[in-house]
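Dear colleague,

I am handing over the structure we spoke about, and below it you will find a short account of what turned up in it. Please keep it open beside you as you read.

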Amino acid sequence: MPDRIVLSQPFIEFEERTAVDSVLRSGGLAQGPEVAAFEAEFSAVAAEDLSCVAVNSGTSALLLSLLAAGIGPGDEVVLPSFTFAATANAIVRAGATPVFADIEPDHFCLDPSAVVAALTHRTRAIMAVHLYGHPANLPALTAIANTHGLLLFEDAAQAHLASYHGRMVGTWGTAGSFSFYPTKNMTSVEGGMVTTSSAAITQLIRLLRNQGMAERYRNEVAGFNMRMSDVHAAIGRVQLRRLPAWTAQRRENAHFLNTNLAGVVTPTEVAGARHVYHQYTIRVPGHDRDRFGAELAARGVDSGVYYPIPVHRLPAYALQLDLPETERAASECLSLPVRPTLTDAELSRVVVAVNAVATAGTGSG
Ligand SMILES: *Cc1c(COP(=O)(O)O)cnc(C)c1O
């Protein structure tokens, strides 16, 4: 039997180990020069006039951007329900109210017309999620935010180097949040980054991540400890250098799958959008999705379901809403391996397995 083809596989090599070792030998382990260098290098990649603030997770990046922009109790933030719970959790922990809107079926991101329908006199912001690495409809969402005087936030946890009309995600709105969790397109083991062009937000997030201190023991605001360590930043810096080639390889792998898969609905890349395929997500209408995944597993191909339960129906939220495209996506979506470390032989095995299962049928009617 050939090896199983796993969905995600963190790539940590000699350069990462060397970078960690040199930080460990330096004696300065906590937030220091590596974090500052990582921030500078990330902004050089994203957009030149952008500030980047590194924190200890993508969730912290979301929470601190909301808090620093003044989102809090009484405010409503419109977001998709078809996302990872962290997006909504950050809004709740900022003290605001998440308002879930439906998605567009072709790219699984917020439907701008559903956002407009969800607006009330309490709406303060829109939180776009670039799910699977496909940018949300940023031109339309920016227009809505401008028309209604709202802030626009971007959850770019899955979308490093994705862009719309050539402009990077994370640079369109008030603030963008990236994650460096091990399964993301690049990792620092755990970590996150806020991107913003606002000097005031940058300054407040720098305070909030460090107990409210710019100067030691002169705490200006009540903050958190959400710092990134130099050990994590050293790994992130190496991975950031690898990211462009990895992204190109993900796109090439996706193109191969698009061209060769049959009998399933392959992902769309909307005109003007650059998809970075954090996940390569197909739909299997007419099939029992879970049985489809089990049949792939029996053929040595792993797959994943992101996400089987929309956030509004999770026990933590327990809302009864009518979000038909969200429900349909949750029951039909299936993510296939697309990681940059796949070999040509593995990609071909993914195609053979998916096409065989799609033809044999796992009928749900
Ligand atoms: C991973 C992820 C997050 C949270 O990032 P962490 O670094 O795990 O805290 C938030 N939103 C989305 C869409 C994610 O995929």
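Before the first finding, one term is needed: a crossover is called right-handed if, with the strands pointing away from the viewer, the path from the first strand over the helix to the second runs clockwise. Please also bear in mind that this is a predicted model.

With that term in hand, you can look at strand 2, helix 4 (residues 85-93) and strand 3, which together make a right-handed β-α-β unit. Strand 2 runs parallel to strand 3 (residues 97-101), and 5 bridges join the two; within this pairing, Val78 stands opposite Val99 in strand 3. Strand 2 also pairs with strand 4 (residues 123-129), again in the parallel sense, over 3 bridges, and here Val77 stands opposite Ala125 in strand 4.

How many residues of strand 2 are buried? In strand 2 (residues 76-80), 5 of its 5 residues are buried, and both faces are covered, with Glu76, Val78 and Pro80 on one side and Val77 and Leu79 on the other.

Strands of a sheet pair through backbone hydrogen bonds, either parallel or antiparallel. Strand 6 (residues 163-164) is joined to strand 10 over 2 bridges in the antiparallel sense, and Ser163 stands opposite Arg274 in strand 10.

With best wishes

Key: Residues are numbered from 1 along each chain as its sequence is written. This is a predicted model: local features need pLDDT of at least 70, side-chain atom pairs count only at pLDDT 80 or more; totals for chains, interfaces and linings use all residues. Side-chain values use heavy atoms; hydrogens and water are left out. Buried means under 20% relative accessible area, exposed over 50%, partly exposed in between (1.4 Å probe, protein chains only). Helices (H or I, at least four residues) and strands (E, at least two) are DSSP runs, numbered from the N terminus. Two strands pair if DSSP finds at least two bridges between them.
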